[in-house]
Amino acid sequence: MLVAVVLYALSGGADYGGGMWDLLASGPRALRQRAAIEHAIGPIWEANHVWLVLVIVVFFTAFPPGFAATMTALHIPMTAVLIGIVLRGSAFVFRRYDARDDAVHRRWSALFGAASFFTPFALGLCLGALASSEIRVIDGRLSSGFFAGWTRPFAVACGLFALGLFAFLAATYLTVDTESEPDLQDDFRTRALTAGVSLAPIAAITFVLARNGAPTIFAKLTSWWAPVLVGVTSVCAIGALVGLWSRRFRWARAAAVGQVACILVGWGLAQYPYLVIPDLTLTNAATVPSTLTALQSALAVGAAVLFPAFGYLFYVFKRRPASLPPSD
Amino acid sequence: MTDLDFARSQMALSLAFHIVFAAVGIGMPLLMAVAEALYLRSREPVYLDLARRWASGTAILFAVGAVSGTVLSFELGLLWPGFMQYAGGIIGLPFSLEGFAFFTEAIFLGIYLYGWDRIPAVLHWLAGIVVAASGVLSAVFVVMVNAWMNAPTGFEVVDGRLTNVDPIAAMLNPASPGQVIHMLLAAFAATGFVVAGVHAFFLLRDRASAFHRHALGIALGVGALATPLQIASGDVLARMVAQRQPAKLAAMEAHYHTRAAAPLTIGGIPDDAAMTTRYGLHIPWALSLLAWHDPSAPVRGLDSIPRDEWPNTRIVHWAFDLMVGAGVAMLAVAGWAGWLWRRWRRVPDERWLLRALVIVGPLGLVAIEAGWVVTEVGRQPWIIYGVMRTAESVTPMPGLAVPFTTFTAIYLFLSVVLVYLLRRQFIETDPRAVRRARGPLDVSRDD
């Protein structure tokens, strides 16, 4: 059980990282600033991708029945996520290496942008569905069909919320990345503020819909830790907005990261101990102990190798401010 | 076609697409690390230019490989939830390890690509080595999973429940060493040959190009060394298959009747109903010799296997012959090149050899595709050999024709774009590279 909790925290952490990067990459809805965005994503975008793969493989190694049930019940939105990922990833690379004439460049950008909208929305649908208590697994068989959960208003609200959150975070990041170009920075500041402010009503709607759409989660949100977490999240959110407003962009970035972290941790706590509410929990969907132990050591060793390496990558590239030409 | 057929087709298509990038993603970092090592030793700018160009190519291929790999990790669950539920706990571990190896590769490739003028030269080269090593490790882990599907070990089934699961024993199953080595050598041989073929093509157009001559030297060296080793490892693997998966071996060789001193059948049209292979070339004793290293040894035919456990004989047999044929052609060209190389003591650039290289260049990739068809189709109808049938593991989701069509369209589109892009990279490389190799090196701009 303890093992399972540790695993959950680890995969949740990776999830969080994956989310962060994804949203970073979903920036190109800001139409004019492509060069800056491309520059910001370029060196690290391969690594972003891998978070997702890591989450998936750890998921199916540690919780095979949970993985099987999720992928069967959410076949349709997951396929949508997948298509979004493929289009987004390849459009980004192709644009990088094929950025010679403007028409082609614009077409890739349009595809990249569209897929960047689509993917987090579909991911939000899936998360909403997992929380909805509508996916039923009885005697190891999925009994709720292929449309349970993700077609509900609550899941749609989750999708929109994910979209808004990612947009907000990406724009906030970019205000820091464009420090050397004040006019671009202003653009991103406006975008971050807009996204941040519009996030509030979406969050409220999601919360209200959760009462019927995700009763288990809603009930959890009234336990002792909930006000604390909601408080911290709100402080972070307001801090980020104030930071943006007063042009303390580094502060704003830190606060936005804190905000997203709190939201994900809160979601994790509210969902705990369930994997797929209400039938699959971390315990009953976990695999055999021998594999969990091996996986745990693998995760520890992997983390010991990866974090320094990732740190080095950042150190090398974020050490010096951008001085590369804006496009190929 | 049934939903199962669509699911299998979609998986096959995704794997066939991914394997090209995976294989080249294993081979290219080696080539670029060799080029950079030669640069560090000789300080000849042409090697640096080469390492940079190859690194750009690697970046495109790696990116597509990463995307197509992500697709596969999703499809395992989307299409084969039964398999994942059963096997995830036993064989998920190497997948997770592969995730880490892949992550390491991505990080260090980032450092390599963007670090040319930001970190010390030796560190930069070491980053390249890490990319190459983690690429190899990824392949080791993934092939271990496939080997387990062929030779499932490391668990027991008691009353239909899994017990005594030992993920390490599952990883180190009997098929692992042979399959892993065969795949790694395949990646090196195929990458070496395909890159050699491309540079041979440009060398035929511009005989004076130092850039393409040096490139040809490195790529051909890797390809020509890997090919004979690969054929030897194939022999070891085939004997392993003969012992553990008689149905697969029988289908590979279109061998219907169990007998001693079995002949080898090359080509022909296997006919399951008549249990005979028409129009094939039959070489007496050769199959017994190859499978057991004894010309009189008995070899089990398909007649010893229940009819509903036969793989598709035609596909497996033809794919096997295609793979071996491609390997033999590569071996012949490798031998020719090696002979000239020794005699002349320089990179051989004989016109006919270059032409042969252009033709043989893609055969390594053809052999890889064919080889995967042999091992995958040859394992059917099982997804886990002798334990779980493919039909039992497919998703209950109806209408799989829709995702299949969608992904087929996407892959077609991606392939077209990719070929177009790579072609443009090479063509644009050509004159500029020659100029750069001669003139002062331009390090201010990199992709």
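How far apart are the end C-alpha atoms of helix H6 (residues 176-205) of chain B, and what should its 30 residues span at 1.5 Å a residue?

A: This is a predicted model, in which local features need pLDDT of at least 70, side-chain atom pairs count only at pLDDT 80 or more, and totals for chains, interfaces and linings use all residues. Residues are numbered from 1 along each chain as its sequence is written, while chains are lettered from A and ligands numbered from 1 in the order in which they are written.

The end C-alpha atoms of H6(B) are 44 Å apart, and the 30 residues should span 44 Å at 1.5 Å a residue, so the two values agree. The expected span is 1.5 Å times one less than the number of residues in the helix. Helices (H or I, at least four residues) and strands (E, at least two) are DSSP runs, numbered from the N terminus.

Of the 30 residues of H6(B), 25 are buried, so the rest of the structure largely encloses this helix. A residue is buried if 20 or more other C-beta atoms lie within 10 Å of its own, exposed if 12 or fewer, and partly exposed in between, with C-beta atoms placed from the backbone.

Another helix of chain B, H1 (residues 3-42), holds Leu31(B). Leu31(B) counts as buried because it has 28 C-beta neighbours inside 10 Å. Leaving out residues up to four places away in sequence, Leu31(B) touches Trp54(B), Thr191(B), Val195(B), Ile218(B), Ala219(B) and Val222(B); a contact means that the C-beta atoms of two residues, placed from the backbone, lie within 7 Å. Between Leu31(B) and Val222(B) there are 191 residues in sequence, yet 7.8 Å from C-alpha to C-alpha.

Leu31(B) is also among the residues with the most contacts inside the largest nonpolar core, together with Cys126(A), Ala23(B), Ala35(B) and Ala190(B). That core has 205 residues; a nonpolar core is a set of buried Ala, Val, Leu, Ile, Met, Phe, Trp, Tyr and Cys residues joined through C-beta atoms within 7 Å. Its largest share, 21 residues, comes from helix H3 (residues 81-114) of chain B. A second, separate core of seven residues includes Cys236(A), Ala237(A), Ala240(A) and Leu244(A).

Chain B as a whole has 14 helices and 10 strands. Its radius of gyration is 23 Å, close to the 22 Å that the globule rule gives for 447 residues, so chain B is as compact as a globular protein of that length. The radius is taken over C-alpha atoms, and the rule is 2.2 Å times the number of residues to the power 0.38. In chain B, 54% of the residues count as buried, and 76% of the contacts between residues at least 6 apart in sequence join residues at least 24 apart.

Chain A has 12 helices and four strands, and buried residues make up 54% of its 328 residues. Where the chains meet, 51 residues of chain A are in contact with 52 residues of chain B. The largest share of the chain A side, 14 residues, comes from H12(A).

As for confidence, the mean pLDDT of chain B is 80, where pLDDT is the predictor's confidence in each residue, from 0 to 100. Over residues 431-447 of chain B, pLDDT stays under 50. For the complex, the predictor gives an ipTM of 0.71 and a pTM of 0.79.
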